[in-house]
Each structure stands twice: as C-alpha cells, then as structure tokens.
Amino acid sequence: MSDRAEHKDRGIRNVFVHYGFLIIIASFFAFFAFYTGSFLNASNLLNIVEGSSILLILALGMTLVVALGGIDLSVGIAFDMGAAFAIVALKEYDAAWYVAVLIGIGGGALVGLLNAFLIVRLSVSPFLATLGTFFIGSSIQRIFTNGGGPISYRRAPQEYRNLATGDLFGVPMEIVIAAVILIAYFIFLERSIFGKRIHAIGLQKTAARVAGIPVQRYVAIGFIIAAATCAIGGIIGSANLRMFTPLAGFSYLLDAIAAVFIGASMHPRGRPNVLGTLVGVLFLGMVANGLNLMGLDFNTKDALSGLILVAALAISVAQKRLR
C-alpha cells in the first residue's frame with residue numbers, strides 16, 4: 001500500500017514538474033473565459049497578442065542575456081534610447097524613416113556596448129554593470145529633456161507610424177515585427193552553433209573557456225545584440241505615440257524578467273528558451289487583459305497582478321528545484 005502511495009505521489013510530482021505551469025495557464029484561461037463574456041472574442045485575443053508584442057521583443061533580448069548567465073537591468077534604457085535616437089533623427093535632422101530606424105537601433109546598441117565594456121573590460125558583474133548603465137541612462141534622459149519632458153513629433157512620416165499602426169495582409173505590424181524577431185531568435189539561439197555556445201557559457205563559463213570558446217567576445221556580442229533588440233521595441237513605441245517619453249522603458253523591465261523565468265520553468269533543464277519566453281509573455285498579457293475585463297480598479301488590479309506574478313515565479317523556482 002505504501003509503495004502504491006509513493007508511486008502515486010511520484011506521479012503527481014512528475015506532472016507538476018513537467019506540466020505545472022501549463023496547467024496554471026489553462027486554469028487562468030478557463031477562468032477568464034467563464035467570468036468575462038468577451039474574453040474569447042477573436043478581437044480580444046488579437047488585442048492580447050498585439051499588446052504583448054513590445055514586451056516580447058524586450059523579453060527576447062533578456063532571454064539572450066540570461067542564457068549567457070547574466071541579467072540586464074538596462075533593457076528599459078535601450079528601449080528609451082531607441083525611441084529617442086529615432087525621434088530626434090526625424091525631428092531635428094529630417095532623416096528618412098528607415099534611416100531613423102537604423103539610428104534608433106544604433107542608439108540601443110550603444111547601451112549594450114557600455115554594458116559589454118563594463119562587464120568584459122572592467123570585470124564588473126552583469127547585475128552591477130547594467131544597474132550602473134540604468135542610472136547613467138536615466139540621468140542622460142533627464143538632462144537631455146530638461147527634467148523628463150517628452151519629445152513629440154506629430155508630423156512623423158506615415159511609413160514610420162505604420163511600424164506601430166500599420167498592418168501586413170491584415171496582421172498588425174507590431175505582431176509581424178515581433179514574429180520576425182521571434183523566429184530570428186529561435187534560429188539564432190536554439191538552432192545555431194552560436195546559440196549552443198551561448199548556452200554553454202551560461203551553464204559553465206569556465207568549462208566553455210577550456211573548450212576553446214572565446215567567452216568574453218560572446219558575452220560582449222550578446223549584450224550588444226540584446227540591447228539593439230530592445231531598441232526596436234522603443235522605436236515601435238515611439239511610432240505609436242509619435243513621441244519619446246523618458247524612462248518609458250522601465251515599465252517593461254520586471255515583466256521581461258518574469259517572462260524569461262516563467263519560460264525557463266517549462267524547459268526540461270530549467271534553461272531560458274525562446275518558445276518558453278513567448279508563453280511567459282502571452283501569460284502575462286492574458287492576465288493583464290483578463291483583469292481589465294473584470295472591471296477591477298487600478299490599485300486592485302496591480303495588487304492582483306503582482307500576486308499572480310510572484311506566485312508564477314515561485315512555481316517556476318519550485319519546478320526547477322524538483323528537477
């Protein structure tokens with residue numbers, strides 16, 4: 001009898017380890033579908049996906065950094081610099097929209113370059129290096145905008161605005177751009193030799209170095225690519241609002257980290273992965289949308305979102321320990 005009970009307990013534990021978070025996602029989906037009549041509407045589901053697009057872009061950049069064994073607290077700064085460089089290029093220098101996009105991506109890459117310099121050349125830990133970049137970038141934004149005022153450009157070219165408000169064969173452009181970046185990251189991080197080396201560095205940096213992998217070079221490239229990716233999110237945000245708002249990217253930081261670790265909880269070895277990050281982002285978008293449809297006031301909704309987020313991260317940690 002005890003053997004049967006032990007076998008049953010082991011079976012329950014295995015189900016939790018492998019499918020625990022998927023069960024939670026399905027439960028929330030069923031709850032919101034039952035409680036709110038409009039949750040399952042095609043237009044609402046499309047809103048969830050579209051509303052999660054920018055977060056997905058930042059979370060993919062964070063996935064790359066975490067796969068390297070680090071963390072990036074400056075993804076919001078890269079987001080802001082992408083928006084700022086692009087808007088200023090359009091407004092002050094009358095740049096073509098595609099040139100402004102490239103300049104915006106370059107602005108984000110500069111954030112990654114600073115992180116790479118601090119981490120690789122000065123041997124600062126990724127946490128402290130990116131925290132320092134966050135404070136530096138925040139101060140620069142306040143100084144440049146005389147205290148934090150937005151820079152608007154209502155006459156932005158329609159092609160630039162279409163990056164956020166346009167569509168491709170009926171699919172919103174935000175979703176199209178996020179999908180292209182998602183596919184690129186999946187191939188780059190999950191199917192290429194470069195990606196395998198990234199994961200090797202994240203698992204055991206010393207062993208990767210002994211195996212002949214140029215660890216410092218990969219770390220530098222990883223942080224630069226991640227920051228440039230986050231800048232694309234800032235460009236889309238500025239195209240939507242036709243303005244740059246200082247420190248707007250900070251609101252994405254915690255959700256991006258949460259999405260990565262939620263996604264890692266679904267990996268057999270608890271590793272950050274592209275498809276898991278996608279599920280994590282959609283889960284967070286579903287929760288935010290469902291709570292909005294329930295008509296909760298702002299403070300209650302934020303409190304519940306925080307509780308759900310903490311519970312989700314606790315479950316992901318528990319799954320990793322059980323593995």
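Residues are numbered from 1 along each chain as its sequence is written, and side-chain values use heavy atoms, with hydrogens and water left out. Because the model is predicted, local features need pLDDT of at least 70 and side-chain atom pairs count only at pLDDT 80 or more, whereas totals for chains, interfaces and linings use all residues.

Grid points are joined across faces, edges and corners, and a volume is the space filled by probe spheres set on the points. The search of the whole structure finds one cavity of 30 Å³ or more, and the largest cavity holds about 40 Å³ of space. Its lining, meaning residues with an atom within 4 Å of a point, consists of Val 65, Leu 68, Gly 69, Gly 70, Ile 119, Pro 126, Lys 205, Val 219 and Phe 223. When Ala, Val, Leu, Ile, Met, Phe, Trp, Tyr, Cys and Pro count as nonpolar, Asp, Glu, Lys and Arg as charged, and the others, Gly among them, as polar, this lining has six nonpolar, two polar and one charged residues.

The largest pocket contains about 570 Å³ of space and is lined by 20 residues, of which Leu 55, Asp 255, Leu 284, Gly 285 and Ala 288 lie nearest its centre. Two or more residues of that lining come from each of helix 2 (42-51), helix 13 (274-293) and helix 14 (298-322), where helices (H or I, at least four residues) and strands (E, at least two) are DSSP runs numbered from the N terminus. By class, the lining of the largest pocket has eight nonpolar, nine polar and three charged residues.

The largest nonpolar core has 90 residues, among which Met 62, Tyr 160, Ile 201, Val 219, Phe 283 and Leu 284 touch the most other members. Such a core is a set of buried Ala, Val, Leu, Ile, Met, Phe, Trp, Tyr and Cys residues joined through side-chain atoms within 4.5 Å, with buried meaning under 20% relative accessible area, exposed over 50% and partly exposed in between (1.4 Å probe, protein chains only). In soluble globular proteins, nonpolar side chains tend to be buried together. Val 219, which also lines the largest cavity, is in contact (heavy atoms within 4.5 Å) with Leu 68, Ile 119, Val 120 and Ile 201, not counting residues up to four places away in sequence.

Helix 3 (residues 53-67) has 15 residues and reaches 21 Å from its first C-alpha to its last, close to the 21 Å expected at 1.5 Å a residue, the expected span being 1.5 Å times one less than the number of residues. This helix is mostly covered, with 15 of its 15 residues buried, and is followed by Gly 69, whose phi is positive, near 90°. Gly 69 is also touched by Gly 202, together with Ala 67, Leu 68 and Arg 271, when residues up to four places away in sequence are not counted. Gly 202 itself is found in helix 9 (residues 193-203) and, at 21% relative accessibility, counts as partly exposed.

Several loop residues were also considered. Thr 36, in the loop between helix 1 (2-35) and helix 2, is buried with a relative accessible area of 5% and, leaving aside its neighbours within four places in sequence, is in contact with Gly 290, Leu 293 and Met 294. Gly 148, in the loop between helix 6 (126-144) and strand 1 (151-152), is partly exposed at 30% relative accessibility and is in contact with Arg 142 and Pro 246, again leaving aside neighbours within four places in sequence.

Asp 94 lies in the loop between helix 4 (75-93) and helix 5 (97-121) and is exposed, with a relative accessible area of 64%, while Ser 123 lies in the loop between helix 5 and helix 6 and is exposed at 60%.

Key
1 Å grid on protein atoms, 1.4 Å probe; cavity = no way out; pocket = protein on both sides within 12 Å on 5 of 7 lines; lining within 4 Å.
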